[in-house]
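Subject: Structure for your review

Dear colleague,

Please find below the structure that I am handing over to you. I would be grateful if you could read the notes that come after it with the model open.

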Amino acid sequence: QVQLVESGGGLVQAGDSLRLSCAASGRTSSMYFMGWFRQAPGKEREFVATISWNGGSTNYADSVKGRFTISRDKAKNTVYLQMNSLKPEDTAVYYCATVRNMAGSGPGYWGQGTQVTVSS
């Protein structure tokens, strides 16, 4: 099993930045792709970004492309999501997960989520 713990959420104003972290532990050798997802109130969970754990390739949802950056530190078993130019519509609970491919399909293990609130 893989345990994931997110941190770094908070309340910010539009235009501000935040960096989310997702620390992994357990059977980390089974992690090939990692993803960030988010769920706003009353909406379904949606894909945000993915990263290839070994190669570092990335993929983003159109809504965050150019504003968000996913990265990983293999030595720390941690995935990051740098969020710049935040908008009120970015308000959501953000989750990291192990996924099967760069499209973010087949999420396996999930973290508990971290709340991001962007005020206008």
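This is a predicted model: local features need pLDDT of at least 70, side-chain atom pairs count only at pLDDT 80 or more; totals for chains, interfaces and linings use all residues.

Residues are numbered from 1 along each chain as its sequence is written, and side-chain values use heavy atoms, with hydrogens and water left out.

Strands here are DSSP runs (E, at least two residues), numbered from the N terminus, and two of them pair if DSSP finds at least two bridges between them.

The six-stranded sheet

The other open sheet is formed by 6 strands in the order β2-β10-β9-β4-β5-β6, with mixed pairing. β2 (10-13) and β6 (58-60) stand at its edges with a single partner strand each, so one side of each is left without a neighbour in the sheet. Neighbouring strands of this sheet are turned against each other by 25° on average, direction ignored.

β9 and β10 run antiparallel and are joined by 3 bridges. Here Val 93 has Gln 115 of β10 as its bridge partner, and Tyr 94 has Thr 114. In a regular strand the side chains alternate between the two faces of the sheet. In β10, Thr 114, Val 116 and Val 118 make up a covered face, whereas Gln 115, Thr 117 and Ser 119 make up an uncovered one.

The disulfide

How many disulfides does a search of the whole structure find? The search finds 1, a disulfide being a pair of cysteine sulfur atoms within 2.5 Å. Cys 22 and Cys 96 form it, with their sulfur atoms 2.0 Å apart. The link is right-handed, with 60° about the S-S bond. Because Cys 22 lies in strand β3 (residues 18-26) and Cys 96 in strand β9 (residues 92-99), the pair ties together parts that are 74 residues apart in sequence. Both Cys 22 and Cys 96 are buried (buried is under 20% relative accessible area, exposed over 50%, partly exposed in between, with a 1.4 Å probe and protein chains only).

Ser 21 is also found in strand β3, and at 17% relative accessibility Ser 21 counts as buried. Leaving aside residues up to four places away in sequence, Ser 21 touches Val 5, Glu 6, Ser 7, Trp 36, Thr 78, Val 79 and Tyr 80; contact means heavy atoms within 4.5 Å.

The aromatic residues

Rings of Phe, Tyr and Trp (its six-membered ring) pair if their centres lie within 6.5 Å, and planes under 30 degrees apart count as stacked, over 60 as edge-to-face and the rest as tilted. By this rule there are 3 aromatic pairs. The rings of Tyr 95 and Trp 110 have centres 6.1 Å apart and planes at 90°, so this pair is edge-to-face. The pair links distant parts of the chain, 15 residues apart: Tyr 95 is in strand β9, and Trp 110 is in the loop between β9 and β10 (114-119). Tyr 95 is buried, at 14% relative accessible area, whereas Trp 110 is partly exposed at 30% relative accessibility.

Ring pairs link Phe 37, Phe 47, Tyr 95 and Trp 110 into a cluster. Arg 45 lies over the face of Tyr 95, 3.9 Å from the ring centre, and over the face of Trp 110, 4.3 Å from the ring centre. A charge sits over a ring if NZ of Lys or CZ of Arg is within 6 Å of the ring centre and within 35 degrees of the ring normal.

With kind regards

Key: Helices (H or I, at least four residues) and strands (E, at least two) are DSSP runs, numbered from the N terminus. Axes are lines fitted to C-alpha atoms, for helices over the stretch in contact, and angles run from 0 to 180 degrees between N-to-C directions.
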